[in-house]
Amino acid sequence: MSVLLKADGLAVTARLAGGDLRLLDDVDLEIRRGQIVGVVGESGSGKTTLARCVVGLLDRNVRVERGSVTLAGDVVVAPGVDRTDRVRGSAVGMVFQDASRSLNPLMRVRTQLAEVLRRHVRDITRAEVRRRSLEVLEQMRIADPARVLDSYPHQLSGGLRQRVAIALAVVTRPALVIADECTTALDVTTQTKVVGLFRTLVDELGIGLLFVTHDLMLASDLCDRITVMSGGRVVEAGDAASVLDRPQQEYTRRLLAAIPSWT
Ligand SMILES: Nc1ncnc2c1ncn2[C@@H]1O[C@H](COP(=O)(O)OP(=O)(O)OP(=O)(O)O)[C@@H](O)[C@H]1O
């Protein structure tokens with residue numbers, strides 16, 4: 001499996017009135033095709049900053065001080081370098097916690113998928129837009145894609161809305177998908193279905209998935225590898241099974257101990 005995404009020694013700093021604040025420090029991360037990598041940690045550990053850094057969506061007061069992010073071997077982020085606009089939404093798809101952030105409440109699903117396709121696929125025909133829109137909803141295991149295409153977001157359940165948000169992220173056939181706490185707002189049953197869907201998508205399409213979550217249990221169900229973060233640093237990284245069965249760091253042991261059903 002070739003390396004899709006590589007973060008190498010990333011250091012990221014926020015400029016504040018009182019001085020600089022280090023948000024990420026010497027962070028390494030690697031994702032291969034067909035692999036799901038979980039980034040896990042408590043609130044404030046730097047997970048979202050890492051996910052946003054990869055796609056060049058850092059806040060205005062935040063900058064990369066050291067290190068780099070490469071996508072399929074090309075540097076997209078480094079100090080003073082941001083080439084993420086070439087890959088964002090095309091080679092890299094994004095799904096956020098709240099489907100309402102990805103979906104426009106005033107547009108039918110059909111129009112939203114068409115907009116994304118027209119933005120990223122040059123000279124795409126109306127027939128091709130329709131075909132690929134139906135195809136991606138079928139990939140999302142949506143039983144009645146024609147109805148969903150004609151619906152407005154508020155006419156869909158929370159689970160369906162999140163599937164549509166994932167469809168918007170993958171309809172351009174990206175190599176990498178970044179999902180940031182995208183199942184947190186869902187009930188447990190729907191969460192399980194969405195997680196299963198991610199596994200199927202990764203296996204079927206051979207994409208890489210960066211899955212950000214505070215939920216170590218969820219990460220253990222889904223991910224091939226887990227990176228544990230605390231205070232902007234990677235405290236532990238490895239195969240999901242070894243991180244969970246033989247955690248090397250006290251911080252990871254504490255996260256595991258906090259899971260009620262973990263024995
Ligand atoms: N633009 C910014 N300016 C200053 N501090 C920031 C900025 N963005 C993030 N931070 C701080 O960086 C730290 C890491 O935030 P981040 O959102 O990456 O953590 P997280 O692990 O994703 O947490 P959560 O699960 O709560 O989203 C936090 O202390 C946050 O307050």
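**Exercise 1. How many bridges join E1 to E2, and in which sense do the two strands run?**

Before we start, a word on the model: it is predicted, so local features need pLDDT of at least 70 and side-chain atom pairs count only at pLDDT 80 or more, while totals for chains, interfaces and linings use all residues. Residues are numbered from 1 along each chain as its sequence is written.

*Step 1.* Find the elements: strands (E, at least two residues) and helices (H or I, at least four) are DSSP runs, numbered from the N terminus.
*Step 2.* Check the pairing, which requires that DSSP finds at least two bridges between two strands.
*Step 3.* E1 and E2 run antiparallel and are joined by ten bridges. They form a hairpin, with two residues between them.
*Step 4.* Pick out a facing pair: Thr13 stands opposite Arg22 in E2.
*Step 5.* Now turn to E4 (residues 62-71), which pairs with E1 in the antiparallel sense over eight bridges. Here Ala11 stands opposite Arg66.

**Exercise 2. Describe the surroundings of the ligand.**

*Step 1.* Count the residues near the ligand (C-beta atom, placed from the backbone, within 6 Å of it). There are 16, and the closest are Ala14, Ser43, Thr48, Thr49 and Asp59.
*Step 2.* Ask where they come from: E1 (3-16), E2 (19-32) and H1 (47-54) each supply at least two residues of the shell. The largest share, three residues, is from H1.
*Step 3.* Sort them by class, with Ala, Val, Leu, Ile, Met, Phe, Trp, Tyr, Cys and Pro as nonpolar, Asp, Glu, Lys and Arg as charged, and the others, Gly among them, as polar. The shell then has five nonpolar, nine polar and two charged residues.

**Exercise 3. Work out how H3 and H6 lie against each other.**

*Step 1.* The axes of H3 (residues 109-120) and H6 come within 9 Å and cross at roughly 20°.
*Step 2.* Name the arrangement: angles under 35 degrees count as roughly parallel, over 145 as roughly antiparallel, 65 to 115 as roughly perpendicular and the rest as oblique. H3 and H6 are therefore roughly parallel to each other.
*Step 3.* List the contacts (C-beta atoms, placed from the backbone, within 7 Å). Val109, Gln112, Leu113 and Val116 in H3 meet Val164, Ala167 and Leu168 in H6.
*Step 4.* Sort this contact by class: six residues are nonpolar, one is polar and none is charged.

Notes:
Near = placed C-beta within 6 Å. Axes fitted to C-alpha atoms, helices over the stretch in contact; angles between N-to-C directions. Contact = placed C-beta atoms within 7 Å.
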